[in-house]
Amino acid sequence: MSSKERPTLGGTRIKTRKRNIAAPLDPAAFADAVVQIYLDNAGDLELIAKSIESSDLNFSRYGDTFFEVLFTGGRTQPGTTKPDEGERHSYSIIDCEAKRESIIPSVIYIQKILRRRPFLIKNLENVTRRFLQSLELFEENERKKLAIFTALAFSQKLSGLPPETVFQPMLKDNLVAKGIVLTFITDFFKEYLVDNSLDDLIAILKRGKVEDQLLEFFPSGKRTDEGFSEHFTKEGLIPLVEYNEKKMFEVRLKDMKSALTAQIAEEVDISEVIENVKQQVKDAKLPEIEVVRVLWDVLMDAVQWSGKNQQQNANSALRQVKTWAGLLNIFCTSGKLELELMYKVQMQCYEDAKLMKLFPEIIRSLYDQDVLAEDTILHWFSKGTNTKGRQTFVKALEPFVNWLEEAEEEE
């Protein structure tokens, strides 16, 4: 059989698929062009921004290189912050004075660039992370400038610089051990708090996931609460010291509460519980008044309440008081502490409807177990300052108070 040719339409063009041919990467030429813009405009950031806006430079491909030039005056060698070959300018962030007045124009300049080219946000993040991971390669004065820039970037709400990019990369053992990280973070805190509140700073630390790791910025030999307080007090950051002390105090109270809860659940002997609480109070230097509050909360949380059955609830509460009266006695060592315990009972009965009618019975039980003195009860009855449910509780306690006064007259 003779083969037949496939018919074709005359005059048609056969299309071939075009290949995507990538242009060769040339970051050096890009860097030189950006440097030349800085030189041509003598470092005037307003003019530089306009020149960059009108240029046809490929920022989408060389975004990292652009920020290297902005921060250091030229390209840096891959994986380092060391200058690479090529043109450089002297108007970079690390070349200016280590003052906010000198650095803030660069922050505003970057903000303008990012508004026009938001795709550069990721490049800013990349370069910032790389520089902070390599802080030891910068001079001390240059690190201070980077700290001031970073603080001003957050203060001015510079988009594209997430907190985790700033704090997490620095937590490298070698940087922390040399004290470089502590110096950087101190400069950052001091600069940021010039224009912002401590609450704003804490919010950034939370977003950066380091709020609970502040001691991690300290070399291991100084990584103590005392070292924290001493360092930041010396640097004039008293609000930060007070915040940390309060946070540590809350952690210690929580730890004591957790340990006590576990011991009660395991029905540990009361003498052992008392010794354990004493040791925790001593080690954590907890105020007596806070200890009394925690003790009552834990003891009552351990009670097996039975819904609306008032008698069963009363029996459970009174049984708990009788069982642990010895623990309460150890720490209710003054009229002031006994009065605080009465206020805790008052607030619990006020806030929990099922306990509202148990107030006088609980107070009577605490009196019978020698936890509350007569004078304390009489003082609360006549001069108590907590108004929550006071009128109701005073009326409920009146028969017992009358009995106390009559007994005192007979004596």
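## An exposed arginine

Let's start at Arg 116, which counts as exposed at 60% relative accessibility. Here, buried means under 20% relative accessible area, exposed over 50%, and partly exposed in between, with a 1.4 Å probe and protein chains only. This is a predicted model, where local features need pLDDT of at least 70 and side-chain atom pairs count only at pLDDT 80 or more, while totals for chains, interfaces and linings use all residues. Residues are numbered from 1 along each chain as its sequence is written, and side-chain values use heavy atoms, with hydrogens and water left out.

## Bridges between helices 2 and 4

Arg 116 forms a salt bridge with Glu 53, their closest N and O atoms being 3.1 Å apart. A salt bridge is a side-chain nitrogen of Lys or Arg within 4 Å of a carboxyl oxygen of Asp or Glu. Glu 53 lies in helix 2 and Arg 116 in helix 4, so this pair ties together parts 63 residues apart in sequence. Helices are DSSP runs of H or I, at least four residues, numbered from the N terminus. Glu 53 is partly exposed, at 35% relative accessibility.

Next come Glu 46 and Lys 112, whose side chains meet in a salt bridge (2.6 Å, N to O). This pair links distant parts of the chain, 66 residues apart: Glu 46 is in helix 2 (residues 45–54) and Lys 112 in helix 4 (residues 100–116). Glu 46 is partly exposed at 45%, and so is Lys 112 at 31%.

## Another pair, and the total

Arg 223 and Glu 216 also meet in a salt bridge through their side chains (3.8 Å, N to O). The structure holds 18 salt bridges.

Conventions. Helix = DSSP H or I, 4+ residues; strand = E, 2+ residues; numbered from the N terminus.
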